[in-house]
Amino acid sequence: MRVSIPSLCGLSDFRGFSQVAVSNHTGRLVLVMTKEELKGASEEEQQAQSKKGLKKAQKEAEKAAKKAEKQAKLAAEQQSTDEDDFAKDRYGVSPMVQSQEKLDRVLVRVQQLTPERADQLIWVRARVHTSRAKGKQCFLVLRQQQFNVQALVAVGDRASKQMVKFAANINKESIVDVEAMVRKVDQKIESCSQQDVELHIERIFVISQAEPRLPLQLEDAVRPEGEGDEEGRATVNQDTRLDNRVIDLRTTTSQAIFRLQSGVCQLFRDTLTDKGFVEIQTPKIISAASEGGANVFTVSYFKTSAYLAQSPQLYKQMCICADFDKVFCVGPVFRAEDSNTHRHLTEFVGLDIEMAFNYHYHEVIDSITDTMVQIFKGLRDKFQTEIQTVNKQYPSEPFKFLEPTLRLEYTEGVAMLRAAGVEMGDEEDLSTPNEKLLGRLVKEKYDTDFYVLDKYPLAVRPFYTMPDPTDKVDLEKIKAYIDSFRYGAPPHAGGGIGLERVTMLYLGLHNVRQTSMFPRDPKRLTP
Amino acid sequence: MSMYQVKPITGSDINVDLPTCMYKLPNLHAQPGSGSCIDNVLQLSTGPYVSSDQNGEVDPALKALEQRQDDILRRLYELKAAVDGLAKTVTTPDADLDATSLSSAAMMSAPKEVAHLDSLLGKDLGALRDIVVNANPSSPPLSLLVLHGLLCQRYRVLSTVHVHSSVSSVPPKLLNCLGPRHADSYTRQRFQLGFTLIWKDVPRLQMKFSVPNMCPIEGQGNVARFLSRLVGLEPHDPAAATMSDSWVDTAFFQLAEGSGKEQAAVLRALNAALGRGPWLAGQSSHWPTLCAPAASCRRAPVPPRPPPMSSAGSRGART
């Protein structure tokens with residue numbers, strides 16, 4: 001179908017297509033293709049239609065012309081700006097690092113950006129924490145673990161307008177490589193950890209881009225609960241954090257918590273090794289439940305089934321009978337307890353100790369409590385930065401303890417409770433509220449958060465390691481364990497603590513999931 | 001004629017006075033008010049309510065009552081005059097003589113009681129009674145160490161020393177200041193009293209015993225008083241008690257914390273007092289004497305050797 005359009009154009013006719021070539025004011029030819037279905041039609045129809053069709057086609061052509069104009073304009077602008085962009089090779093998105101080349105470049109840690117490095121040109125790799133454009137400048141905050149520093153891209157002889165725009169549009173959490181001059185600032189930058197310096201960026205490249213929409217914002221994740229409610233700003237609730245654990249772990253608070261937890265493990269190992277203990281690894285797939293059949297996970301084991309260890313108890317004791325004298329082990333513990341409380345996990349890390357003693361089990365208690373005190377002292381002396389960081393979001397009193405550890409007898413605890421008005425029998429077990437009350441009373445009198453309650457009445461604490469004949473435990477399954485006592489076993493004792501609980505109680509946090517990196521409980525199996 | 005006849009018993013000419021009033025009450029207004037309030041009595045005696053009975057004369061019993069009232073009033077006035085006179089004599093310097101006569105009388109009347117733990121500390125609840133003392137390692141309470149020694153001689157005391165987490169380290173001498181660890185320390189039940197010394201970053205010495213019943217006791221002087229009572233060193237007559245109290249206060253406030261002038265004055269007083277006798281507060285109370293060197297040690301730059309009060313320990317125990 002031939003169409004005539006009132007403009008300068010050339011027309012050509014192809015099967016099923018009509019091409020319209022339009023030229024714009026710069027003389028450029030832009031081709032606009034429209035596809036029309038051709039059906040055989042009579043001349044008369046054609047005639048009648050051609051008028052309507054003419055009008056329609058006219059309108060479409062006008063639209064197309066306008067669109068073409070706009071696009072051409074943009075292209076022209078871009079060309080002109082491209083021409084002006086002298087800093088084109090000083091920014092951009094780098095290709096993925098695939099070890100194609102080895103750059104002999106030293107990357108400085110943000111922690112080391114101090115006034116001593118003023119007026120040095122250095123390279124830094126960090127995450128973009130925030131970016132904010134203001135006219136001819138763009139302010140960025142670059143973050144690396146607990147440390148962050150302010151950076152600035154300004155239009156000048158080193159940076160162009162396009163570069164500033166590019167910097168302002170980098171998505172948050174993207175990892176960037178930055179070459180910048182370190183400059184001292186007169187006024188301290190309160191919002192950053194590096195308060196005395198600022199980076200003036202000369203080159204910026206994106207190494208790994210982040211998606212524009214983050215599931216949670218890091219500023220919200222670090223905000224203390226009360227402050228959030230007061231000012232109407234958001235805080236992130238625990239389930240969202242746990243579902244997006246990777247991002248939540250990037251916050252300064254989480255970094256501090258897990259560094260401290262690593263310190264606990266480290267101090268535990270070092271203290272016990274200095275005391276002459278040997279670290280052992282015990283099997284976690286075992287043939288019989290060690291703490292009672294109720295709270296144990298069963299796994300299929302080829303043609304039979306096996307259990308996940310509830311504690312390393314049986315194997316610790318066998319090691320003592322094997323003449324290792326003093327052992328400890330750090331490893332996972334699995335408890336299939338359907339408790340959804342703030343202090344229960346189905347899988348946690350157990351720090352377990354077992355040792356042979358000479359004449360009195362107090363030797364073991366002294367050793368264990370001394371280990372705990374050394375851990376507390378080590379944390380107090382070497383991890384103050386981390387403790388202060390956690391306190392910013394979760395304020396709490398510092399952890400107090402006595403050296404040597406306070407040891408009260410069960411009867412004294414009962415007497416203290418009775419003096420406070422609780423009625424209980426001499427041989428009665430401590431209920432959880434009574435236990436908490438006793439803790440508070442001890443804190444009031446002795447000002448310590450950690451103490452030992454000794455000499456529980458036998459009626460209250462059945463001797464765990466003795467299998468109960470009425471419990472229907474298949475003795476065949478724990479034959480190896482029983483046998484280890486037949487061939488001479490020294491008197492021994494031991495105990496274990498949960499790593500997550502210790503960290504939680506030391507920092508004054510209220511939920512054990514905050515101190516477990518990827519927590520497991522009856523309702524959570526991922527991430 | 002009537003069937004039955006009874007001879008008359010009485011004559012028929014007796015005048016019977018028929019009563020005109022059904023119920024009679026005694027006249028309440030005629031009686032005076034209670035005799036304890038003098039004003040009331042005076043008012044009533046002069047007021048319109050003059051006592052009189054049916055005959056219009058004053059009841060002799062009432063008269064006797066009034067007489068008694070007057071007597072009492074007179075005696076009261078006499079007593080008041082006597083007390084005023086005595087008050088005047090007490091404020092004059094000659095009052096010392098009266099005080100000594102009073103104190104000796106008091107001493108003779110008050111029986112000497114042996115201090116009993118249960119009566120002092122309350123009922124035994126079946127567990128070790130623990131005294132907790134929080135002290136700053138930069139100023140160790142030397143007087144308490146001596147008193148602790150006396151306590152150990154009198155009772156079975158379980159002593160422990162702890163270092164609180166607020167203090168980073170403590171010299172080994174301070175860790176062993178309460179003596180070696182008792183052999184029986186694994187069974188706390190075998191002891192009557194616990195003495196737990198905690199080296200802590202506190203501004204003032206602090207003692208806690210029974211938290212629900214007692215507030216913490218602060219200051220070395222006050223803790224020393226508490227412990228001295230446990231040991232049984234507190235004098236029973238008020239004069240000696242007051243004197244020992246005042247020496248303790250002098251030691252801990254003026255000697256330890258006072259200015260140079262105050263210190264010098266106290267040292268002069270101490271010199272004078274110790275020149276008169278070996279003990280500051282008299283024969284009956286030796287323990288204030290050891291407060292003075294304890295307090296003065298706090299000012300000395302180098303902690304001196306333990307004060308030569310070991311004799312005090314043995315002498316104190318003998319009282």
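Me: Which strands does helix α5 of chain B lie across?
Reply: Helix α5 (residues 142–154) of chain B lies across β1, β2 (157–164) and β3 (193–199) of chain B, and runs at about 150° to β2(B). Helices (H or I, at least four residues) and strands (E, at least two) are DSSP runs, numbered from the N terminus. The angle, on a scale from 0 to 180 degrees, is between N-to-C directions of axes, which are lines fitted to C-alpha atoms, for helices over the stretch in contact (heavy atoms within 4.5 Å).

Me: Where does all this come from?
Reply: It's a predicted model, where local features need pLDDT of at least 70, side-chain atom pairs count only at pLDDT 80 or more, and totals for chains, interfaces and linings use all residues; side-chain values use heavy atoms, without hydrogens and water. Residues are numbered from 1 along each chain as its sequence is written, while chains are lettered from A and ligands numbered from 1 in the order in which they are written.

Me: OK, what order do the six strands of the open sheet have?
Reply: The order is β16(A)-β2(B)-β3(B)-β1(B)-β4(B)-β5(B), with mixed pairing; strands pair if DSSP finds at least two bridges between them. β16 (402–403) of chain A and β5 (217–218) of chain B are at the edges with a single partner strand each, so one side of each has no neighbour in the sheet.

Me: How many bridges link β1 and β4 of chain B?
Reply: Three, in the antiparallel sense, between residues 129–135 and 206–208. B:Asn134 sits opposite B:Gln206 there.

Me: New topic: is A:His362 buried or exposed?
Reply: A:His362 counts as buried because its relative accessibility is 5% (buried is under 20% relative accessible area, exposed over 50%, partly exposed in between, using a 1.4 Å probe and protein chains only). A:His362 belongs to helix α9 (residues 362–382) of chain A.

Me: What is A:His362 in contact with?
Reply: Skipping neighbours within four places in sequence, A:His362 is in contact with A:Arg407, A:Asp454 and B:Tyr186.

Me: And how many residues are in the largest nonpolar core?
Reply: That core has 37 residues, and A:Phe268 and A:Leu379 have the most contacts inside it. A nonpolar core is a set of buried Ala, Val, Leu, Ile, Met, Phe, Trp, Tyr and Cys residues joined through side-chain atoms within 4.5 Å. α7(A) gives the largest share of this core, nine residues.

Me: Which strands does α7 of chain A lie across?
Reply: Helix α7 (residues 252–274) lies across β10, β14 and β15 of chain A, at about 155° to β14(A).
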